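The sequence and the model come first, and the notes follow by topic.

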Amino acid sequence: MVYRFTIISDEVDNFLREIQIDPDTSFLDLHKAILESVGYKEGELASFFVCDDEWNKDIEVTLEEMDTDADTDSYIMADTRISKLVDEDTYQKLIYVFDYMTDRCFFIKLMEIITGKELDHAVCTKSRGEAPQQTMDFDEMEKKLTAGSDDLGEDFYGDQGYNSDEIDAEGYEGLDGIIGGDSYDGSDIY
């Protein structure tokens, strides 16, 4: 069995990645596949959040052990299988925070469960648009905020009220063949 995840950004309108991965692999494997698909370097703090239908964060899966409360379950990417937390019946939503300092993230949705297929490792099967920069320089961010730049507004990075329609096929009008349809030829896969 293979899970097909679609990944979008609220920072870059035409950004899209599609990752196919075995659900019995770890969140660390998904983390590394995302980094590779966007050209980010390893070594930065990151977390996945399992979300409800409204993108509210529920369970956190961290890159490193960070929880000191013995009464709270903690999940580490390397030790947690995707299938343990991703509910295939509800087409689970996830948030992947890649820049902890500014709470910048990608929005991820399980779009398809492919039965009868196996993968040895995660594969980026669709790639559109440039990824946002991995980290934001605080001085640069402060200048944009104080200058009233059009780039930053009240929905600054990591918008928790993200419109879930934007991750569905209907939300991608004008991006021919990215989601669904048979017109995609795979010529721009990493």
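Asn-14 has a relative accessible area of 37% and is therefore partly exposed. The model described here is predicted.

**Loop residues**

- Asn-14 sits in the loop that runs between β1 (2–9) and β2 (16–21).
- In sequence, Asn-14 and Arg-128 are 114 residues apart, while in space their C-alpha atoms are 6.6 Å apart.
- Glu-118 belongs to the loop between β7 (104–114) and β8 (123–128).
- The relative accessibility of Glu-118 is 71%, so this residue counts as exposed.
- Glu-118 and Pro-23 are 95 residues apart along the sequence, and the distance from C-alpha to C-alpha is 9.9 Å.
- Asp-53 is placed in the loop between β3 (47–51) and β4 (57–62).
- With a relative accessible area of 51%, Asp-53 is exposed, because the cut-off for that class is over 50%.
- Asp-53 also takes part in a negative surface patch, together with Asp-52, Glu-54 and Asp-58.

**The sheet**

- Eight strands make up an open sheet with mixed pairing, and their order is β5-β4-β3-β6-β7-β1-β2-β8.
- The edges are taken by β5 (75–76) and β8, each of which has a single partner strand, so one side of each has no neighbour in the sheet.
- Strands of a sheet pair through backbone hydrogen bonds, in a parallel or an antiparallel sense.
- Between β1 and β7 the pairing is antiparallel and covers eight bridges.
- Thr-6 stands opposite Lys-109, a residue of β7.

- Side chains of opposite charge can pair when their charged atoms come close.
- The count of salt bridges in the model is seven.
- One of them joins the side chains of Arg-4 and Glu-18, with an N to O distance of 2.8 Å.
- This pair links distant parts of the chain, as Arg-4 is in strand β1 and Glu-18 is in strand β2, 14 residues apart.
- Both Arg-4 and Glu-18 are buried.
- For Arg-4 the relative accessible area is 11%, which is under 20%, and the residue therefore counts as buried.
- The side chain of Arg-4 also meets that of Glu-112 in a salt bridge of 2.9 Å, N to O.
- Because Arg-4 lies in strand β1 and Glu-112 in strand β7, this pair ties together parts that are 108 residues apart in sequence.
- Glu-112 has a relative accessible area of 32% and so is partly exposed.

- Lys-57 and Asp-103 form a salt bridge through their side chains, at 3.9 Å from N to O.
- Lys-57 is in strand β4 and Asp-103 is in the loop between β6 (93–99) and β7, so their pair ties together parts 46 residues apart in sequence.
- Lys-57 counts as partly exposed because its relative accessibility is 33%.
- Asp-103 counts as partly exposed as well, with a relative accessibility of 30%.

Note on methods:
Residues are numbered from 1 along each chain as its sequence is written. This is a predicted model: local features need pLDDT of at least 70, side-chain atom pairs count only at pLDDT 80 or more; totals for chains, interfaces and linings use all residues. Side-chain values use heavy atoms; hydrogens and water are left out. Patches are made of residues with over 30% relative accessible area and no salt bridge: like charges are joined within 9 Å, nonpolar side chains (Val, Leu, Ile, Met, Phe, Trp, Tyr) within 5 Å. Accessible areas come from the Shrake-Rupley method with a 1.4 Å probe; for residues, only the protein chains shown count as cover. A salt bridge is a side-chain nitrogen of Lys or Arg within 4 Å of a carboxyl oxygen of Asp or Glu. Lys and Arg count as positive and Asp and Glu as negative; His and the chain ends are not counted. The place of a charge is taken as NZ of Lys, CZ of Arg, CG of Asp or CD of Glu. Helices (H or I, at least four residues) and strands (E, at least two) are DSSP runs, numbered from the N terminus. Buried means under 20% relative accessible area, exposed over 50%, partly exposed in between (1.4 Å probe, protein chains only). Two strands pair if DSSP finds at least two bridges between them.
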